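Thanks for coming. I will go through two contact surfaces, one inside a chain and one between chains.

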Amino acid sequence: MVDKMVNATIPEVSSTLPKVGSVLRMNLAEGQSSSSANFANEMIMESVGLQVHYGDFLAVRDVNLTIHKSEITALIGPSGCGKSTIIRCFNRMNDLIPSAKVGGNVFYKGIDLYGPEANSGEVRRRIGMVFQKPNPFPKSIYENVAFGPKVNGKPSKKETDEIVERSLKRAALWEEVKDRLKQSAFSLSGGQQQRLCIARALAVNPDVLLMDEPCSALDPIATARIEDLMAEIKTEYPIIIVTHNMQQAARVSDRTAFFNTEIGANATRPTGVLVEYDTTRKIFSNPSDTRTEQYISGRMG
Amino acid sequence: MSTSIAAINELQPSGRKLRQQRVEKLIKFFLMIVAASGMLITTGVVVALVRPSIDFFRSISLGEFLGTTAWFPLYEPPDYGVWPLIIGTFSVMLIAVVIAVPGGLAIAFYLSQYASDSIRRKLKPILEILAGVPTVVFGFFAINFIGPNIAAKIWVFSDIGFYSSLSAGITVGLMIMPMMTTLSEDAMAAVPRALVEGAYALGATKRETCTGVIFPAALSGIIAAGVIAMSRAIGETTIVLLAAGSTANFTFDVGQPMQTMSSFIGFAGLGDQPTGSTGYQTIFAVGSLLFVITFILNMFSRKIVARFREVYE
Ligand SMILES: Nc1ncnc2c1ncn2[C@@H]1O[C@H](COP(=O)(O)OP(=O)(O)O)[C@@H](O)[C@H]1O
Ligand SMILES: [Mg+2]
């Protein structure tokens, strides 16, 4: 199982994952190939039958996603359809919510994140996260970036300096802050704070980056900078991004998953479902599901 | 509103709005009086302290008060060296703080980060009850339990008697611990959840999150909690009176009976000092000193808190 996952190519994916596989085959049949969402990109994570309960409430169910190297995967859909809930399953952040129960599997290079081989701390080190509102620590700019490396192996002062500089450069923030690393992170603007949070996440050298509406608290210029940054780093750090902004998903992502809600047979509250997952080009130009089409056309206007 | 009113003057508020504004003014006036009365009471206390204190220092020199070390103000011949009270006060306060601050912090960390919901629901009311126990009960607890069973067992450096500032300090520490716990837990709970999640998302463990993010972010609140606990320890009278005796020994040996400034005031206030006598004035002189020391400690702690605020905001 493990080996198979690591070197997943299309035939193998379709054999272990009938549902997603069929979507992929369909794309091949149509001769679609997005510029970067091509099938040579090795799969790095996947969810199989993922569902989350909060207490008795089934918040989202049956989510099968594949995440590929060098790609940005966007999760879109109306508010409350479980996008945040799902993205938080990919680094076990839901462990912190006592009422949350995760069912199904999330694999990282073939290893089950919720299985006995996985340690939640190590999972979160490998799969970094950037939040909706910039959340720098009440520390200096330097210490914010150094925090992750410090809790993951205590590098020397010199190594830490190098990591901080490299991470800030990677997050396109170095030039703006190199002369004031000792200043409080709160002295930065909102957009700078969010890039600091990206630098902080990159400092522990993750394999995947999760972003839950990273631009929703930012102005258009700051948003554009973050989008440029994402495009720049995606070859090193594959990204899963939740966004409520259709245009953003269309602009930056290679694949898009559209979620919607529906009320289950015995349920009173709506449950989120994955309606369609495909290349972004396909989702936005020729979606297979009418619900996707309605949502896209309604939101893109 | 109707168009005719709007036609008269669009910028005039309606009748209802006007009444609301009047109520608003009344509320403001009322709150101002309440706030002013607080200031008036404080001023009144200071004035009441100052006049007998001035009378005291007319007959006893400041040099004797602060320059000698024997405190027998109610004896014949009297001695007015206040140092035994100062040392007693700081001994009891330090012991209490050494117990209450780490203890309270540990419980607060446990409650806010480690305890399950059901344990938290059981422990919090117990703490609240503990905070409401009258100090005289703590005083008897000190005499009957802490003194003979704890203080006497752990103090091996000298002969420890029935009354000791160690026994008083431990008990005052236990008395203020629930307050320290509640206040610092509030400070930790006020740390935004986003920060805590940010730390976990970097792979930090629970302990690393507590020490690396929650503690520094809550530090100014925790220091404020410590300051309040300290002031409370300095002011505690009943426990000290019962547990540390009423002998103003000039000693650093906490196994000995001692008197604090508060316990002296409580002790002397109970005996009948004729109004205007030097014994009567002594109470106010010590009260003024206590006021000044508490005031200085508070100013000092405010400075510290402000320093930490600057760093983090
Ligand atoms: N901590 C929680 N406890 C209980 N219910 C929650 C919690 N977080 C989210 N939910 C519920 O789960 C559903 C999905 O929420 P969420 O994942 O935040 O949606 P989205 O990010 O797509 O807006 C919503 O109905 C929401 O009310
Ligand atoms: Mg959300």
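Chain B is split into domain 1, residues 14-59, and domain 2, residues 71-312, with bounds from an automatic or database domain assignment. This is a predicted model, where local features need pLDDT of at least 70 and side-chain atom pairs count only at pLDDT 80 or more, while totals for chains, interfaces and linings use all residues. Residues are numbered from 1 along each chain as its sequence is written, chains are lettered from A in the order in which they are written, and side-chain values use heavy atoms, without hydrogens and water.

The C-alpha centres of the two domains of chain B lie 30 Å apart. About 780 Å² is buried between them, 77% of it from carbon and sulfur atoms; that is accessible area (1.4 Å probe) lost on putting two parts together, summed over both. On the domain 1 side, B:Leu49, B:Pro52 and B:Phe56 lose the most, together 61% of what that side buries. Between the domains there are zero salt bridges, a salt bridge being a Lys or Arg side-chain nitrogen within 4 Å of an Asp or Glu carboxyl oxygen.

Now the chain interface. Here 19 residues of chain B contact 25 of chain A, and the two chains bury about 1700 Å², 64% of it on carbon and sulfur atoms. How many salt bridges are there between chain B and chain A? One: B:Glu197 with A:Arg88, at 3.0 Å, N to O.

Note on methods. Contact means heavy atoms within 4.5 Å.
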